[in-house]
Amino acid sequence: MADIGLLVSMLEEGTQSSILQGDLLSYHGAVKENFLADIFGKMGRKLYYYHKDGGLELDFLVRYRGKCTPVECKATTGNAKSMRTVLKHPEKYHVENALKLGDYNVGRQDQLLTLPMYIAFLLTEV
């Protein structure tokens with residue numbers, strides 16, 4: 001959806017009230033992904049998604065610091081399995097670094113930079 005409010009308004013009756021009270025129910029991941037897509041869209045970024053048969057899936061691909069960079073949006077403290085697979089095979093995917101956004105503090109582990117979701121709008125350097 002082009003707007004997070006439109007997405008939430010399309011959910012079944014009573015869901016909007018639950019979400020406003022902080023209970024995202026089973027929509028936690030979808031709402032957070034749409035929120036990030038909304039931020040990127042309003043920044044003028046084109047949205048790209050990657051899916052490969054066999055289960056490899058990346059939420060977003062962006063150009064960051066001149067390089068193709070996968071961005072994962074995690075609703076929980078997941079390990080971003082697809083992203084780790086891509087980072088382990090630079091000869092195949094030509095990716096050097098990745099970003100993971102969610103309910104985290106700023107951190108780095110090897111090639112993965114973890115950021116809190118609310119600072120996604122600062123990822124402007126292309």
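# Close-up views of a predicted model

**View 1. The contacts of L101.** In this predicted model, and leaving aside its neighbours within four places in sequence, L101 is in contact with L36, V71, E72, C73, K74, L115, P116, M117, A120 and L123. Apart from the core that is described in the next view lies another core, of 11 residues, which includes L56, A80, Y93 and L112.

**View 2. The largest nonpolar core.** The largest nonpolar core has 17 residues, and the members that touch the most other members are L36, F40, V71, L99, L101, L115 and L123. At least two residues of this core are supplied by each of α3 (28-42), β3 (60-64), β4 (67-73), β5 (98-102) and β7 (112-116). Which element gives the largest share of this core? The largest share comes from α3, with 4 residues.

**View 3. The protein as a whole, as a setting for the close-ups.** The protein has 5 helices and 7 strands, and from the N terminus on its elements run in the order α-α-α-β-β-β-β-α-α-β-β-β. Its radius of gyration is 15 Å, close to the 14 Å that the globule rule gives for 126 residues, so the protein is as compact as a globular protein of that length. Along its principal axes, the C-alpha trace of the protein spans about 50 × 30 × 30 Å. Buried residues make up 41% of the 126 residues, and, of the contacts with a separation of 6 or more, 49% are accounted for by residues 24 or more positions apart.

**View 4. The largest pocket and its lining.** The volume of the largest pocket is about 180 Å³, and the residues that line this pocket are Y64, R65, K67, C68, T69, E96, N97, A98, L99, R108, Q111 and L113. The elements that give two or more residues to this lining are β4 and β5, and the largest share, 3 residues, comes from β4. How many residues of the lining are nonpolar, polar and charged? The lining divides into 5 nonpolar, 3 polar and 4 charged residues.

View 5. Is T15 buried or exposed? With a relative accessible area of 3%, T15 is buried, because a residue counts as buried when that area is under 20%. Not counting residues up to four places away in sequence, T15 touches L25 and Y27.

**View 6. R65, between two strands.** The place of R65 is in the loop between β3 and β4, and R65 is also one of the residues that line the largest pocket. Most residues other than glycine have a negative phi. The phi of R65, however, is near 55 degrees, which is a positive value in a residue other than glycine. With a relative accessible area of 54%, R65 is exposed, because exposed means that this area is over 50%.

**View 7. D110, in another loop.** The loop between β6 (107-109) and β7 is the place of D110. Although D110 is not a glycine, it has a positive phi of about 55 degrees. The relative accessible area of D110 is 65%, so this residue is exposed.

Conventions. Residues numbered from 1 in each chain as written. Predicted model: local features only at pLDDT ≥ 70, side-chain atom pairs only at ≥ 80, totals over all residues. Heavy atoms only, no water. Core = buried A, V, L, I, M, F, W, Y, C linked by side-chain atoms within 4.5 Å. Buried < 20%, exposed > 50% of the residue type's maximum accessible area, 1.4 Å probe, protein only. Contact = heavy atoms within 4.5 Å. 1 Å grid on protein atoms, 1.4 Å probe; cavity = no way out; pocket = protein on both sides within 12 Å on 5 of 7 lines; lining within 4 Å. Points joined across faces, edges and corners; volume = space filled by probe spheres on them. Nonpolar A, V, L, I, M, F, W, Y, C, P; charged D, E, K, R; others polar. Rg over C-alpha atoms; globule rule 2.2 N^0.38 Å.
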